[in-house]
Amino acid sequence: MTKLYKKYDIALSLTGIVWCVFCVLLIATGETADGTVTGLTPISVVTTPGWARFPLAVSVYLALMVPLSVILRRAAEREHRRTLSLLLDSCDPDSFLKEYEKLLHNSIHMRFMTYREYAFGLYCAGKYSDAVRNIGYLLDDPEFTRVTGARRCFVYLYAYIIYCAAGDEVKAQEMLSGYASVMNTVRKKERGEVERLAETVKNRENIRRGYIADAERFFSEQKCTCRLWEAFRQNDLAAVYTLAGRPEEAAECYNAVIAAGGKTAVAARARRLKAELAND
C-alpha cells in the first residue's frame, strides 16, 4: 500500500538506507584487547572482529524497520480510506477524482486497483465515456491475465456496470462472460467480497431483463455500509417499483437516492425521474 503514496515509500526507503549504513559501520568496527571499539585500529591488535556483531546488526535493523514499515503501511491505508470516503461516504465524485488521479500509474498490481476505482469514480460522476476509456486500459493491458482472479473479477464486474451506463449492451455481456470464466480461479478467502458484488450485478441484470421479483427481494434485504451503495440500492429498488407499476414507492426510493447520493450522477438522475413521475 505504501507504493500508492510516494512520500511513505520514500520515507521507508531512506530510513532503510540510513539503518543499513549504521549496521554496516557496526559490523565494520572491531574491538581491541582493552575493550576499545574502533574501526581504525590495525587488524593485528583487534581481538573481536566486527563480523561477530552481525546478529546484533540484523536485530537492530529488524527491530526498527519492521515496526516502521507497519506504521507507514497503516498510514497509507488510512489515507487511502480517507480518499475513498470522498466517494463512498461524502458522495462527492469530483473531489474524489481530483485526489485519486494522483495515485494512477503505479506498479501493475496497484494499477489494477487504482484505475478500477478511478473508472468507477468517473461512472459515479456521470462521465461514462471517460469511465469506459479508463476501464479499457485495464482490459487491454497485456498484464491483465497475470493478475489474481479476484482482481480480474472486480474489473469485469465494474466494467459491466460502466458499459451498461454507457449503453454498450454487447460489451456489458462480454464482461459477464469474462467474470464467469475467471470466478473459479478466485481463492476461497477472497470469494466473499467478489460474490457480494456479483450478486448485485446479477440482480441489476435481472431488472434490465424485467425479472423483478427476485431483484425486489434482494435489494430490499441488502445491507449497505456507505452512503453511495445505499443510493444505488434505493435506485435499483426504484427501478423495480417503476417496472411493477408502483410509482408512489418508486418516488419514495428516489427521495432516498437524492438524500444519500450527494453530488453523484445517480442522485441527479433521481431528481429528474422523480419529477417525471410527478408529471405523469
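Author: Buried means under 20% relative accessible area, exposed over 50%, and partly exposed in between, with a 1.4 Å probe and protein chains only. By that cut-off 14 of the 18 residues of α6 are buried, so α6 is largely enclosed by the rest of the structure. This is a predicted model: local features need pLDDT of at least 70, side-chain atom pairs count only at pLDDT 80 or more, and totals for chains, interfaces and linings use all residues. Residues are numbered from 1 along each chain as its sequence is written, and side-chain values use heavy atoms, with hydrogens and water left out.

Helices are DSSP runs (H or I, at least four residues), numbered from the N terminus. The expected span of a helix is 1.5 Å times one less than its number of residues. α6 reaches 25 Å from its first C-alpha to its last, close to the 26 Å expected. Just after α6, Gly-167 takes a positive phi of about 80 degrees.

Now the helix itself, α7. This helix covers residues 169-182. Its 14 residues should span 20 Å, and its end C-alpha atoms are 20 Å apart, which agrees. Ala-172, Met-175, Gly-178, Tyr-179 and Val-182 are buried in α7. They cover an arc of only 115 degrees around the axis, which puts them on the same side of α7. The arc is that of the directions from the helix axis to the C-beta atoms. Val-170 and Ala-180 are exposed on the other side of α7. The cover over the buried residues includes α5 (128-140), α6 (149-166) and α8 (191-208). Contact here means heavy atoms within 4.5 Å.

Next, the salt bridges. Each is a side-chain nitrogen of Lys or Arg within 4 Å of a carboxyl oxygen of Asp or Glu. The count comes to 20. Glu-169, Glu-205, Arg-208 and Arg-209 are linked in a network of them.

Another bridge joins Lys-263 and Asp-92, at 3.9 Å from N to O. Lys-263 lies in the loop between α11 (247-261) and α12 (265-279), and Asp-92 in the loop between α2 (54-88) and α3 (93-100), so the pair ties together parts 171 residues apart in sequence. Lys-263 is exposed at 62% relative accessibility, whereas Asp-92 is buried at 14%.

Asp-214 and Arg-217 also pair, at 2.4 Å from N to O. Both sit in α9 (residues 212-221), three residues apart, and so are separated by about one helical turn. Asp-214 is partly exposed at 45%. Arg-217 is partly exposed at 45%.

Conventions: Helix = DSSP H or I, 4+ residues; strand = E, 2+ residues; numbered from the N terminus.
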